[in-house]
Amino acid sequence: MTTEPEVRRTLSESAARQLANATKTRAQWSGITPRWLVSFLPWTPVEAGIYRLNRVREDSALTDADVTCSPARDRDADLPETFVDYQDAPREYSMNAVTTVLDVQTRVSDLYSHPYDQIQEQVRLLTEKVKEKQESELVNNPEYGLLANAHPSMKLSTRTGAPTPDDLDELIARVWKEPAFFLAHPRAIASFGRECTRRGVPPPTVTLFGSPFLTWRGLPLVPSDKLFIDENGKTSILLLRTGEKKQGVIGLFQPGIPGEVAPSLSVRFMGINRKAIASYLISLYCSAAVLTHDALGVLEGVEVSKYHDYPDKYV
């Protein structure tokens with residue numbers, strides 16, 4: 001017995017799709033992060049690409065003997081005489097350039113730029129990559145990065161490996177003059193949360209920039225994957241005081257650069273070569289400065305893989 005082929009009485013979906021327009025998204029990249037450090041840092045404009053950090057000479061800083069309270073009555077006591085000396089060779093910070101060159105075949109940009117402009121999309125994605133590199137340099141750059149500029153007296157190690165409330169309290173004791181926020185890898189924050197849960201003191205949350213953050217002693221724990229985890233599963237947690245008025249940590253940028261599309265970020269057309277390839281220069285200039293050594297503390301040796309077993313029944 002033979003089976004006769006089914007006779008379609010309507011248009012098939014596969015055939016109908018030939019006349020349909022699919023709704024398309026922009027190109028998505030999972031490497032884009034909130035870059036909270038850039039948002040939380042106050043930024044100071046710089047002229048001529050140089051920021052000079054003037055400090056008082058610590059060996060000649062004021063002491064209690066340099067000033068006095070009102071002298072005793074009916075006495076013509078001599079008043080103390082002193083002055084404040086400055087460092088002879090203050091440190092100067094130069095702007096660091098995070099750059100890349102975008103190449104686009106003009107035939108591609110001419111023919112395939114609807115509904116999304118190919119050049120704009122390429123610039124958008126590369127700009128995101130440049131900004132991710134900027135935040136990484138703010139943390140890890142060997143010259144101006146936060147980790148490289150922490151004073152030895154402001155570094156401490158965890159007591160047991162995993163970050164505990166006691167560890168963060170000790171860090172607060174180091175950066176006690178109006179600290180602003182902690183900076184840590186998301187896994188380090190999760191590890192701290194586990195230690196708090198184990199002790200029955202879950203950290204409260206606060207909403208900043210429209211997003212929730214865990215806090216400790218009222219200070220937000222700001223996540224950043226730019227604080228890398230080493231091969232031993234360890235990382236660092238930072239505590240910062242920020243702002244020029246508070247002699248804290250600041251970011252540096254230079255406004256008004258040629259081709260500026262955002263503060264200190266420029267996109268400039270470089271021309272078209274004989275192969276019909278258009279080139280665009282994307283540059284972002286930035287740096288950072290720790291104004292006084294007690295503005296930045298570092299908790300080192302933070303383990304992120306410590307877990308706890310809990311009984312099935314709770315008393």
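E137 is buried (under 20% relative accessible area; exposed is over 50%, partly exposed in between; 1.4 Å probe, protein chains only), with a relative accessible area of 14%. Its salt-bridge partner is K133. A salt bridge here is a side-chain nitrogen of Lys or Arg within 4 Å of a carboxyl oxygen of Asp or Glu. The whole structure holds 17 salt bridges.

This is a predicted model: local features need pLDDT of at least 70, side-chain atom pairs count only at pLDDT 80 or more, and totals for chains, interfaces and linings use all residues. Residues are numbered from 1 along each chain as its sequence is written, and side-chain values use heavy atoms, with hydrogens and water left out.

**Within one helix**
- E137 and K133 pair at 3.3 Å, N to O.
- Both sit in helix α4 (residues 118-140), four residues apart, so about one helical turn separates them.
- Helices are DSSP runs (H or I, at least four residues), as are strands (E, at least two), numbered from the N terminus.
- K133 is partly exposed, at 42% relative accessibility.

- D167 forms a salt bridge with R159; their closest N and O atoms are 3.1 Å apart.
- D167 is buried, with a relative accessible area of 0%.

**Between loops**
- K246 forms a salt bridge with E178, with 3.7 Å between the closest N and O atoms.
- K246 lies in the loop between β10 (234-240) and β11 (249-253), and E178 in the loop between α5 (165-174) and β6 (181-184), so the pair ties together parts 68 residues apart in sequence.
- K246 is partly exposed, with a relative accessible area of 40%.

**A network**
- Salt bridges link R35, E128, E132, E135, D225 and K226 in a network.
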